[in-house]
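This report describes a single protein model, moving from the whole chain to selected sites. The sequence and the structure are shown first.

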Amino acid sequence: MQINEKIALDLGVKTWQVEAAVKLIDEGNTIPFIARYRKEATGTLTDEQLRDLGESLAYLRSLEERKAKVMESIEEQGKLTDKLRKQIEEAQTLVEVEDLYLPYRPKRRTRAGIAKERGLQGLADYILAQKKGSHVLQEAEKYVDPDKEVPDGKAAVAGALDIVAEQISDEARFRAFIREKTFKSGTLVTAEKARKKGEDEAKESKTPAGKKERRDVYEMYFAYEEALRKIPGHRVLAVNRGEKENFLTVKIQAPEEEILTYLEKQVTHGEKNPDPDTFTYIKAAVKDSYDRLIAPAIERELRNQMTEEAEDGAIRVFASNLEQLLMQQPIAGKVVLGWDPAFRTGCKLAVADPTGRILDTTVIFPTAPQNKVREAKRVLKDLVNKYNVSVISVGNGTASRESEQVITEFIKEAGRPVQYVIVNEAGASVYSASKLATEEFPAFDVGQRSAASIARRLQDPLAELVKIDPKAIGVGQYQHDMNQKKLDGALTGVVEKCVNRVGVDLNTASFSLLSYISGISKTVAKNIVSYREENGAFRNRRELLKVAGLGPKAFQQCAGFLRIRGGDQPLDETSVHPESYGAVKDLLAGLGLSMDRDSFKAAVKMTVDPARKAKELGIGEPTLRDILSELEKPARDPREEMPAPVLRSDVLSMEDLKPGLKLKGTVRNIVDFGAFVDIGVHQDGLVHISKMSRKFIKHPLEVVRVGDVVDVTVLGVDAGKKRISLSMVED
């Protein structure tokens, strides 16, 4: 089966769609551009389908390259038979290819290799021949040669059995059976790793993320066992971390007796009454082959496979959470006060106007140890009145609860409508210490920059969060333990998808935002900003071609995603691509309308048969429908359809929570086993997957997304462990 056919089958699409998409990708077109502006060519494949297609294409091409190298290597050894060539060519995975290559792979000096050097291959063949009436020890005397370090018959037999063991281990079909059997019937067994002498039970260690983990975090795995085929991804990653932190020992328990019986039958070709003398030695070789060569390799492979699948699942969840976070509805047209809470160093404040420009910054000390609450309220009142602040955006980090208490008291005393929102401040400190933040706010210290970021991420989450490494945004699970290259690729793809879906204002977008636009590199993004600073606002999209490094190909890829408001060309503020301007002009002219903003909605109402009109204009129907959608509502923001942030004016404490209390909350994070929901208490509550729906669901993403506003009922509160149990299921 050809690569394109295989991808089409896996994705459930037509082969011609895959062929078209592959051709476009190979020509250097980006996924956002293909998904948005080449719908006719691909049969309207979505962004997600195209990214899956791209991953499959890369894997299958690397598979073909590996097959070619393997066959070349075997052919150089003069051992590539027609049968083996066919097996390699038909292999569907890299694992199958490597199994077939194993007997021919150049090996380090093994026990079997040494035995062959000593001339013991003939004795190994004699044992495997299983001739009736064989006398292995008697035959072994023929191979005794002190000069070759074979002093007696027993030494000769031992060497021959090493050869037999390696031959058994190298058989591809044996490994395939054992791998499948172990996965289907094996179990993962974990236990507490013995403490070193004098080690305290609560000894702490550092994870790669720098977060302290205690031994008792892994208590549930101190005597744990679960079927390999049933263990969920988050437990695989938890066990891996516990093992890496030296708190756990981990082992796969395979159905050894069944596997040994299978191997014995295979090696003896199913002989019901094998020669008793040779069978004794074959049994020993089979046991040695499995224990020493096969089992450790299969265990490594299966654990790697389970880890990879768990990582892929975690990355999918992280990517979904990140997308929902980036696509949160902006708080538009409001002056926002960003509040970065802290104790000793004080709470940093920054006031941002509706465009995100920072108007003022200061520091107040309403929390311990200073506790200057009255003075803090006075400063707050001055800022709110001076700049007409209507929303306070509070970070959810250290001292957030104490800050929230001060804010709610202030709101009651303010005498004017002010509300507040708790925002996830993950990554704010990373941004505030970055080179980008230093360039953006050269006169600010890190605290002021952090407060500015907290204010802006409420006003426009997408524009602000793209400045931060996606891994630092804090909506994932075990992100520091997984393949970083794969994680970075997936998360960068999500950010790219979101930025291009929303589009950006060419005359106000930051370098960070521009660098995620289709076809624009970081260098070109900097050049756009420089051009804008030197020449003023762009008047039309064609002016982009004057930017250094932005040629016709890059222009084709990026133009439709860049908006110019109030420019020379009305269509420049829409997502209509410049290559379709002629079609729009013909559409309007055919309806007796002119090229102006007032005519756009009229054109939509007058176009009653898009299929016929598309044919008249010489464009595809999907393209025309996209054009009409933009003309109906130019520069529409898809984030307007997302749930709005929950604005609060009062605060709850854990003491206020009682079982049965019904509340509204915002989903902050989603993991495999449930969702964490902000209900206005300092600690997010957990809705376990079993409490999310009356019907069975495999994953929380089937029910909720990050940013969703949900109705929940309090099930229980553990103040000591700071745990809140919630339910989304109505009584």
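**Overall architecture**

The model is predicted. The protein contains 29 helices and 17 strands, and its C-alpha trace spans about 105 × 75 × 50 Å along the principal axes. Of its 731 residues, 50% count as buried. Among contacts with a separation of 6 or more, 67% are made by residues 24 or more positions apart.

**Helix α17 and its surroundings**

Helix α17 comprises 15 residues, 400–414. From first to last C-alpha the helix reaches 20 Å, close to the 21 Å expected at 1.5 Å a residue. Its buried residues include Ser400, Glu404, Ile407, Phe410 and Ala414. The buried residues of α17 pack against the strands β6 (336–340), β7 (347–352), β9 and β10 (419–423), as well as against helix α16 (373–387). Glycine 415 follows α17 and has a positive phi, near 75°.

Valine 391 belongs to strand β9, which covers residues 391–395. Asparagine 29, by contrast, sits in the loop between α2 (15–26) and α3 (31–37). The table lists the relative accessible area of each.

| Residue | Relative accessible area |
|---|---|
| Valine 391 | 1% |
| Asparagine 29 | 7% |

Valine 391 counts as buried because its relative accessible area of 1% is under the 20% cut-off. Beyond its neighbours within four places in sequence, valine 391 is in contact with Lys334, Val335, Val336, Leu337, Gln419, Val421, Leu458 and Leu647. Valine 336 is 55 residues away from valine 391 in sequence, yet the two C-alpha atoms are 5.1 Å apart in space.

Asparagine 29 is likewise buried, since its relative accessible area is 7%. Which side chain makes a polar contact with the side chain of asparagine 29? The partner is glutamine 557, at 2.7 Å. Not counting residues up to four places away in sequence, asparagine 29 touches Leu24, Ile34, Lys553, Gln556 and Gln557.

Definitions and conventions
Residues numbered from 1 in each chain as written. Predicted model: local features only at pLDDT ≥ 70, side-chain atom pairs only at ≥ 80, totals over all residues. Heavy atoms only, no water. Helix = DSSP H or I, 4+ residues; strand = E, 2+ residues; numbered from the N terminus. Buried < 20%, exposed > 50% of the residue type's maximum accessible area, 1.4 Å probe, protein only. Contact = heavy atoms within 4.5 Å. Expected span 1.5 Å × (residues − 1). Polar contact = N/O pair within 3.5 Å; in protein donor to acceptor, adjacent residues only side chain to side chain.
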